[in-house]
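This report covers strand pairing, the contact between the chains and the salt bridges. The sequence and the structure are shown first.

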Amino acid sequence: MAWTRDEMAARAASELRDGFYVNLGIGIPTLVANYIPAGMHVTLQSENGMLGMGPFPYEGEEDADLINAGKQTITELDSSSYFSSADSFAMIRGGHIALSILGGMQVSEKGDLANWMVPGKVVKGMGGAMDLVAGVKRVVVVMDHVEKSGAPKLLKACTLPLTGAGVVDLLITDLGVFEINRGKSPLKLTALAAGVTLDEIKAKTEAVFEVGL
Amino acid sequence: MAGKTQKDAAEALAGVLFDGMTIMAGGFGLCGIPENLIAAIRETGVKNLTVVSNNCGIDGFGLGVLLESGQIKKMISSYVGENKLFEKLYLSGELELEFNPQGTLAERIRAGGAGIPAFFTKTGVGTLVAEGKEVREFDGELYVMERGLTADLAIVKAYTGDAEGNLVYRKTARNFNPMMATAGKVTIAEIEHLVPIGALDKDNIHTPGIYVDRIFVGASFEKRIERVTTRPREEKASA
């Protein structure tokens, strides 16, 4: 039994620490906000220009001037602040954000991440992902372990255009958790999803990894 | 001195548009876009535009209407995933596209408006973005050189403004607008509310009037929301 999207998000939430400023990407990373431990103070940054993102609004209270980076309506908190895109990325690039949790298409054992482009297919753009992986202190990627076709996504080297080289600290998939440490130490499997065997995860991984369960 | 205040978008645009020009347009998604100016630019038929904007609107709204009318030759953006016509035009070669990482785009515009021709950033090192650009080592880390960016015209949207051109934005509708206001040879601001000189809190003006050449109150603001997302109301009792 692999982890569900919510179980992956809950696992990613265990990377949060009290006092952290955090940027959450679109998709499963957005769900991490639902698993912030009670009593822990975490401030969510939205790269379109807001610190202190609140929950989604009640129906009828949506504000067209208040959206997150996924273009969803959100609300503010008493502690929130607004700023320009240049200020937002100064925070990101300048190393002021403690943790970025984002999705991935491919990750390599060297800590490379590809998540913005499939050549020859629809090209949407990198948005803020390249800035986030270049500037945020700790980068956690959450993604399915294999493609829908069954092809591995944790590779010796990414085949897709990179978002960043040597930028991933930790990878959480539906099958387990890998310490990557930006490629500075050997790739290590540190947790297996319940019911997933070592043989199964080895068979579904192209990269070579140590086992440190 | 001739006043900056204009009657409407068409009057504000008089004499500044020409074929082949570069236009910066503020906004993130549909949030904080100068929707009246975009509609008026469509009416003029000006073409072969290079448009600098984080996104390109959606089908039928925002900058999407200038795609439909075939007035845009090239986009400089960070993300264009919300627009089906964009994909079609790009894949068929009718539209040029330059992708910039969002923070690099914001900083290029900030730098351009501040008279800084180039800067070095970690963003994009080791990726397609760095190809053909100078990469230099500082303090043991690699950085890529990016150029400052200016435009013939910047069109921005603010919430409140005065006849001096002082602007105040509202919530996340600020986004790219303040930097773009500094980087246009001509900058036109459309606002929701014009207030008398002296009514704005001088300590809280986001864009000082020096950057704004023309200002007008938009005739109407649709302010469309791309992804209305809500939570159930019954949560309120337990919150």
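In this predicted model, strand β3 of chain A, residues 50-53, pairs with β4(A) in the antiparallel sense, and three bridges connect the two strands. Within this pairing, M50(A) stands opposite Y82(A), a residue of β4(A). Both strands belong to an open sheet of 10 strands in chain A, whose order is β4-β3-β2-β1-β5-β8-β10-β11-β12-β13 and whose pairing is mixed. The edges of this sheet are formed by β4 and β13 (210-211) of chain A; each has a single partner strand, so one side of each is left without a neighbour in the sheet.

**Strand pairing in chain B**

In chain B, strand β3 (residues 72-77) runs parallel to strand β2 (residues 49-52), to which four bridges join it. β3(B) also pairs with strand β4 (residues 96-99) of chain B, again in the parallel sense and over four bridges. K74(B) of β3(B) has T50(B) standing opposite, and K74(B) likewise stands opposite E96(B) in β4(B). As background, the strands of a sheet pair through backbone hydrogen bonds, in either a parallel or an antiparallel arrangement.

**Contact between chain A and chain B**

How many residues does each chain bring to the contact? Chain A contributes 48 residues and chain B contributes 53 residues. The area buried between the two chains is about 4300 Å², and carbon and sulfur atoms account for 59% of this area. Y58(A), D65(A) and K71(A) supply 20% of the area that chain A buries against chain B, more than any other three residues.

The polar side of the contact comprises 28 residue pairs in polar contact between chain A and chain B, both residues at pLDDT 80 or more. On the side of chain A that touches chain B, β4 (76-82), α3 (85-93) and α4 (129-135) of chain A each supply at least two residues. The largest share, four residues, comes from α3(A). By class, the residues on this side of chain A divide into 23 nonpolar, 13 polar and 12 charged.

**Salt bridges**

Over all chains, the structure holds 21 salt bridges, and the count between chain A and chain B is five. Two salt bridges are listed below.

| D65(A) | R170(B) | 2.8 Å |

Definitions and conventions:
Residues numbered from 1 in each chain as written. Chains lettered and ligands numbered in written order. Predicted model: local features only at pLDDT ≥ 70, side-chain atom pairs only at ≥ 80, totals over all residues. Heavy atoms only, no water. Contact = heavy atoms within 4.5 Å. Buried area = accessible area lost by both parts, 1.4 Å probe. Salt bridge = Lys/Arg side-chain N within 4 Å of Asp/Glu carboxyl O. Polar contact = N/O pair within 3.5 Å; in protein donor to acceptor, adjacent residues only side chain to side chain. Nonpolar A, V, L, I, M, F, W, Y, C, P; charged D, E, K, R; others polar. Pairing = 2+ DSSP bridges.
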